[in-house]
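Let's take a friendly tour of a protein fold. Have the sequence and the 3D view open as you read.

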Amino acid sequence: MKRFGMIFGVVLVIVAVYIFVNKSYYPSLPIDNLSANEVLEKLKSSDEKIAEIAAADDSIWYITRSRNKDHSAVDENIKQMMNSNGWEFRSKEGSGLFFEKEDEQLIVTTQMWTKKYVVVQVPNAYREH
């Protein structure tokens, strides 16, 4: 019986270490083929406050760190990124930030991934003009 308890304890420790190392305790991402570990590494290795994590056919995904509950830091990071590409901030409604450039409009959406991180979806059109 002691041997069974010892084996069970070792297996439990191995599983806990695996979960911690692979960041399996994070929720799933809205982007396929990316692990939480890869996404967090991209943000940590970036010099910017907002890091690109994936590009899809119709949008580009970013991640940024949330420092407060009202997400003002996240919004500022997004506004700076968009302004650097010529898009002017117009308004915010819910999780959508509305930008305008010439006669075009663009909506950037945010989604809380964890308490500390926000995933941002930007339409591809923001780089094309």
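This is a predicted model: local features need pLDDT of at least 70, side-chain atom pairs count only at pLDDT 80 or more; totals for chains, interfaces and linings use all residues.

Residues are numbered from 1 along each chain as its sequence is written, and side-chain values use heavy atoms, with hydrogens and water left out.

**The sheet**
- Strands here are DSSP runs of E with at least two residues, helices are runs of H or I with at least four, and both are numbered from the N terminus.
- An open sheet is built from 6 strands, in the order β1-β2-β6-β5-β4-β3, with antiparallel pairing; two strands pair if DSSP finds at least two bridges between them.
- β1 (50-55) and β3 (88-93) are at the edges with a single partner strand each, so one side of each has no neighbour in the sheet.
- From one strand to the next, the twist averages 25° (axes are lines fitted to C-alpha atoms, for helices over the stretch in contact, and angles run from 0 to 180 degrees between N-to-C directions).
- β5 and β6 (residues 117-123) run antiparallel and are joined by 4 bridges.
- Met112 has Val118 in β6 as its bridge partner.

**The helices**
- Helix α2 (residues 36-45) lies across β1, β2 (59-65) and β6, at about 140° to β1.
- Helix α3 (residues 72-83) packs on the sheet and touches β1, β2, β3, β4 (96-101), β5 and β6; contact means heavy atoms within 4.5 Å.

**The cores**
- A nonpolar core is a set of buried Ala, Val, Leu, Ile, Met, Phe, Trp, Tyr and Cys residues joined through side-chain atoms within 4.5 Å; buried means under 20% relative accessible area, using a 1.4 Å probe and protein chains only.
- The largest core has 16 residues, and Ile78, Met82, Val108, Val122 and Tyr126 touch the most other members.
- α3 gives this core its largest share, 4 residues.
- A second, separate core has 14 residues, including Ile31, Val39, Ala51 and Ile53.

- Thr110 sits in strand β5 (residues 104-112) and is buried, with a relative accessible area of 19%.
- Beyond four places in sequence, Thr110 touches residues including Val74, Ile78 and Val120.
- Leu43 sits in helix α2 and is buried, at 12% relative accessible area.
- Leu43 and Arg65 are 22 residues apart along the chain, with their C-alpha atoms 8.5 Å apart.

Note on methods. Buried means under 20% relative accessible area, exposed over 50%, partly exposed in between (1.4 Å probe, protein chains only).
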